[in-house]
Amino acid sequence: MTSARVRIPGTDLSVYPINLGTNTFGWTSDEASAHAVLDAFVAAGGNFLDTAESYPAWVPGNTGTESETIIGTWLAARGNRDQIVLATKVGDHPNHKTQDPEYISGAIDASLQRLQTDYVDLYYAHRDDEVTPIEQIARVFDELVTAGKIRHIAVSNYSVERLNAWLEVAEAENLAKPVALQPQYNLVFRQEFETNYRPIAEQHGLAVFPYFALAAGFLTGKYRTEADLEGADRAGMVQGYFNEQGLEVVSELVAVAETHAVQPAAIALAWQLAHGITAPIVSARTPEQLAELVAAVEVELSDDELSRLDAASAPFA
């Protein structure tokens with residue numbers, strides 16, 4: 001397995017081009033299963049983990065601290081913190097949907113404690129509250145960089161206007177700038193990123209780490225009929241793509257995957273990598289699932305294959 005790394009612009013961080021999402025830790029993966037996936041990811045050459053203070057708070061009985069806590073026990077047990085690029089997020093917890101600077105200042109300390117580390121490499125503003133003045137948000141994140149608690153800033157789920165305002169404030173006040181963007185993006189959800197956010201990322205040299213890179217599992221090809229959805233954990237999320245146009249994309253993925261002797265999910269990720277995405281975020285419940293995903297790093301799609309996937313997904317662009 002190639003352990004190709006890609007540099008995050010404006011940083012000295014080099015990451016594996018697959019970003020392991022850990023929102024399943026404490027949900028569909030218990031601690032032992034999660035540790036097995038993390039071990040398999042590192043063995044495959046992976047080094048880039050994505051979590052949040054809110055993962056997975058949507059599960060009945062959970063507090064939203066489970067994913068960070070599980071990663072923390074793994075880092076402590078393996079003693080490999082310096083080999084991992086670690087990203088977490090603030091401001092989308094059911095109890096704390098805020099970008100209030102005072103909250104952020106305390107939230108990072110709680111995350112560091114759960115993660116059993118002194119710093120995180122990327123700290124995301126997870127979801128904008130549209131209320132807190134952007135200057136205050138930019139300044140508190142800069143303070144965390146200065147304090148050494150975070151190395152770099154990243155942004156997710158901000159409007160184009162608020163994201164641009166943050167970049168302008170950082171420039172004007174000589175504050176640490178965001179270096180990465182986490183948008184929703186995949187073959188069946190193209191328009192918003194390609195139209196609104198890709199130009200900003202290109203203008204400011206931001207790395208791009210999309211979430212829902214596999215459309216909540218739809219692009220794995222395992223949901224081909226209504227019966228396939230019955231009882232699935234993510235049935236509700238997948239339903240929105242389950243139409244003639246969505247299924248056409250899946251059919252094309254399946255056809256290309258057969259040519260490369262990989263799973264359709266690997267082709268969906270390879271398509272993103274071929275279109276300049278830094279590292280799409282994917283999650284896996286088992287090491288076997290993970291192997292199917294990291295195979296994307298080895299896939300080189302031909303111009304014809306890219307054209308076919310572009311055409312099939314054009315209704316979503």
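Predicted model: local features only at pLDDT ≥ 70, side-chain atom pairs only at ≥ 80, totals over all residues.
Which residues in α10 meet which residues in α12?

Residues are numbered from 1 along each chain as its sequence is written, and side-chain values use heavy atoms, with hydrogens and water left out.

Back to the helices (H or I DSSP runs of at least four residues, numbered from the N terminus). Ile 267, Trp 271 and Ala 274 of α10 meet Leu 306, Leu 309 and Asp 310 of α12; contact means heavy atoms within 4.5 Å. Those residues split into five nonpolar, no polar and one charged, where Ala, Val, Leu, Ile, Met, Phe, Trp, Tyr, Cys and Pro count as nonpolar, Asp, Glu, Lys and Arg as charged, and the others, Gly among them, as polar.

## Ala 34

Ala 34 sits in helix α1, residues 31–43. Its relative accessible area is 0%, so Ala 34 is buried (under 20% relative accessible area, with a 1.4 Å probe and protein chains only). Beyond its neighbours within four places in sequence, Ala 34 touches Phe 25, Ser 29 and Ile 70.

## Gln 182

Gln 182 belongs to β8, residues 178–182, a strand (an E run of at least two residues). Gln 182 is buried too, at 3% relative accessibility. Setting aside neighbours within four places in sequence, its contacts include Asp 50, Lys 89, Tyr 124 and Phe 209.

Terms used:
Buried < 20%, exposed > 50% of the residue type's maximum accessible area, 1.4 Å probe, protein only.
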